[in-house]
Amino acid sequence: MALIPVVEKTVQTNADKSVDTSVDTSLTAAGGGPAVTAEEVLRRRRRQDPDTAPLWEILDQVCDPEIPVLSIWDLGVLRDIERTGEHITVTITPTYSGCPAMTTITEDVEAALARAGFAEVSVKLTLAPAWTTDWISAAGREKMRAYGIAPPVQRSHTVACPQCGSDDTGLISEFGSTACKALYRCNQCLEPFDYFKCL
Amino acid sequence: MSKQTIVEYATRLGDDALILGHRLSEWCSNGPFLEEDIATINTSLDYIGRARMFLSYAAELEGAGRTEDDLAYTRDCRDFKNLLINELPRGDFAFTTVRQFLVDAFNLFFFEALVGSTDTQLAAIAAKSVKESRYHLRRSRDWMLRLGDGTEESHRRTQTALDDLWGYTDELFHMDPLESELLDTGVAVDRAAVRLRWEPLVTELIDAATLQLPQPYTLPGGGRQGVHTEHLGHLLAELQFVQRAYPGLQW
């Protein structure tokens with residue numbers, strides 16, 4: 001996918017004044033993270049649609065069941081929300097083919113909207129474009145680190161220990177506690193930690 | 001090109017992933033050590049997830065009211081169209097590693113090509129699978145080197161596995177009339193082209209792992225026609241047990 005340089009104004013175009021501006025719009029690469037992709041710019045723009053903006057905020061409460069500090073928005077799993085009359089269609093995408101969390105996420109989305117009074121909800125699963133760690137927001141990366149998981153970095157970067165910050169770390173196994181994570185060890189503080197793989 | 005041919009093609013790819021995914025899942029709690037147990041099961045999960053995507057698509061396209069679960073749990077041996085290499089018993093860790101290496105390398109090149117399919121859903125599934133195949137291959141390649149160039153025993157077991165598996169690899173590249181027809185319309189992948197990329201990679205790695213390239217030999221295929229080894233029935237007995245005993249059970 002083409003990485004295109006964008007300025008913050010692009011994202012804010014046509015934004016409703018009442019829309020929550022606490023949405024992460026930092027567009028610079030953070031902590032070895034990637035620049036924002038065109039696909040991500042579009043998703044942030046969809047969030048500003050006055051028709052559905054409150055719904056996006058409701059779904060900010062839905063978190064990944066395996067990394068409960070990350071919302072499905074932060075993770076880039078929540079792709080779109082459409083509203084036709086009373087009917088709401090939420091589009092999500094799986095991180096990994098075999099991600100066992102998708103069923104739970106679907107149920108959590110339906111429950112969150114039901115609590116807010118929306119009964120007619122369908123959750124659609126889309127595969128294209130394929131999810132990438134590039135879609136994890138800068139705020140999401142920070143929350144991940146604070147939770148003890150090293151956020152994904154490009155291959156040329158070192159994986160810093162989320163506990164002590166040291167770059168002196170080593171891979172123990174390509175596969176960690178879930179499909180999306182690898183297992184690392186910090187040679188400085190000697191703690192093992194999960195690393196969210198770059199995909 | 002009829003819709004039915006795409007249903008059949010998606011079912012084949014789904015069956016390949018489901019059956020190998022199940023074989024890998026048999027390592028759960030039996031891995032050589034904890035990290036490797038987890039790694040094998042994670043790979044299994046990717047394969048089963050891929051199977052779900054292909055079989056859901058096949059069922060949806062077929063439009064006969066069947067679901068992915070019907071396809072996975074209620075078909076019998078002759079209805080399964082997976083290639084034979086995927087159904088062989090897991091064997092020892094060397095056998096599992098060698099099979100995984102041969103199949104992961106195949107999958108990487110196969111899915112890279114399928115990304116360009118004119119069928120958008122197959123292309124979308126391929127785009128997800130290709131990323132996963134890349135790191136599956138990274139792991140199985142590392143293990144080939146470590147086992148091949150490891151101890152006398154690990155070398156011997158790995159070489160034996162390679163010799164035993166080699167005859168099954170030919171089927172990976174076999175094109176039948178159905179796939180040739182789908183290739184003409186840009187839906188399917190040209191397996192002969194995949195072979196041109198697969199062979200050099202595999203040959204080079206076998207050499208780097210201080211192993212010997214087996215003498216060429218070809219075992220009869222038959223998976224695509226539903227003619228299987230005696231092992232598939234036993235695998236299905238376990239895979240399908242709950243749905244056979246309690247038809248339609250859900251949780």
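The legends describe a predicted model.

**View 1. Helices α2 and α5 of chain B.** The axes of α2(B) and α5(B) cross at roughly 165° and come within 11 Å. Angles over 145 degrees count as roughly antiparallel, so α2(B) is roughly antiparallel to α5(B). The crossing is left-handed. From α2(B), the contact takes in B:A39, B:T43, B:D46, B:R50, B:M53, B:F54 and B:Y57. From α5(B), it takes in B:Q121, B:I125, B:S129, B:E132, B:H136 and B:R139. By class, the contact of α2(B) with α5(B) has 5 nonpolar, 4 polar and 4 charged residues.

**View 2. Helices α1 and α2 of chain B.** Helix α1(B), residues 3-25, packs against α2(B) at an angle of about 160°, and the two axes are 7 Å apart. That angle makes α1(B) roughly antiparallel to α2(B). The two helices cross in a left-handed sense. The contact of α1(B) with α2(B) is made up of 17 nonpolar, 7 polar and 3 charged residues.

**View 3. The loop between α1 and α2 of chain B, with B:S29.** B:S29 sits in the loop between these two helices of chain B. Its phi is positive, about 75°, although B:S29 is not a glycine. Most residues other than glycine have a negative phi.

**View 4. Helices α4 and α6 of chain B.** Helix α4(B) covers residues 93-114 and helix α6(B) covers residues 152-166. Their axes cross at roughly 50° and come within 8 Å. The two helices are therefore oblique to each other. α4(B) passes α6(B) in a right-handed crossing. On the α4(B) side, the residues that meet the other helix are B:A94, B:F95, B:V98, B:R99 and B:L102. On the α6(B) side they are B:S154, B:R157, B:T158, B:A161, B:L162 and B:L165. The residues of this contact divide into 7 nonpolar, 2 polar and 2 charged.

**View 5. Where chain B touches chain A.** In this contact, 14 residues of chain A face 20 residues of chain B. Two helices of chain B, α2 (34-62) and α5 (120-148), each supply at least two residues of the side that touches chain A. The side of chain B that touches chain A divides into 9 nonpolar, 3 polar and 8 charged residues.

**View 6. The two domains of chain A.** The domain assignment of chain A gives domain 1 at residues 30-134 and domain 2 at residues 149-196. The C-alpha centres of these domains lie 27 Å apart. Between the domains, 11 residues of domain 1 are in contact with 10 residues of domain 2. On the domain 1 side of chain A, the residues that touch domain 2 are 4 nonpolar, 6 polar and 1 charged.

**View 7. Two annotated spans of chain A.** An unreviewed UniProt entry annotates residues 56-116 of chain A as "domain: MIP18 family-like". Over that span the chain is 36% helix and 21% strand. The end C-alpha atoms of residues 56-116 are 12 Å apart. The UniProt feature "domain: PaaD zinc beta ribbon", also from an unreviewed entry, is placed at residues 155-197 of chain A. Residues 155-197 are 0% helix and 37% strand, and the end C-alpha atoms of this span lie 10 Å apart.

**View 8. The peptide bond between A:A128 and A:P129.** The bond that joins A:A128 and A:P129 is cis, with omega about -5°. Most peptide bonds are trans. A:P129 belongs to the loop between β3 (121-125) and α6 (138-147) of chain A.

How values were computed. Residues numbered from 1 in each chain as written. Chains lettered and ligands numbered in written order. Predicted model: local features only at pLDDT ≥ 70, side-chain atom pairs only at ≥ 80, totals over all residues. Domains from an automatic or database assignment. Contact = placed C-beta atoms within 7 Å. Nonpolar A, V, L, I, M, F, W, Y, C, P; charged D, E, K, R; others polar. Helix = DSSP H or I, 4+ residues; strand = E, 2+ residues; numbered from the N terminus. Axes fitted to C-alpha atoms, helices over the stretch in contact; angles between N-to-C directions. Parallel < 35°, antiparallel > 145°, perpendicular 65-115°, else oblique. Left-handed = near helix turned anticlockwise from the far one by under 90°. UniProt positions renumbered as here; feature names shortened; annotations may be inferred.
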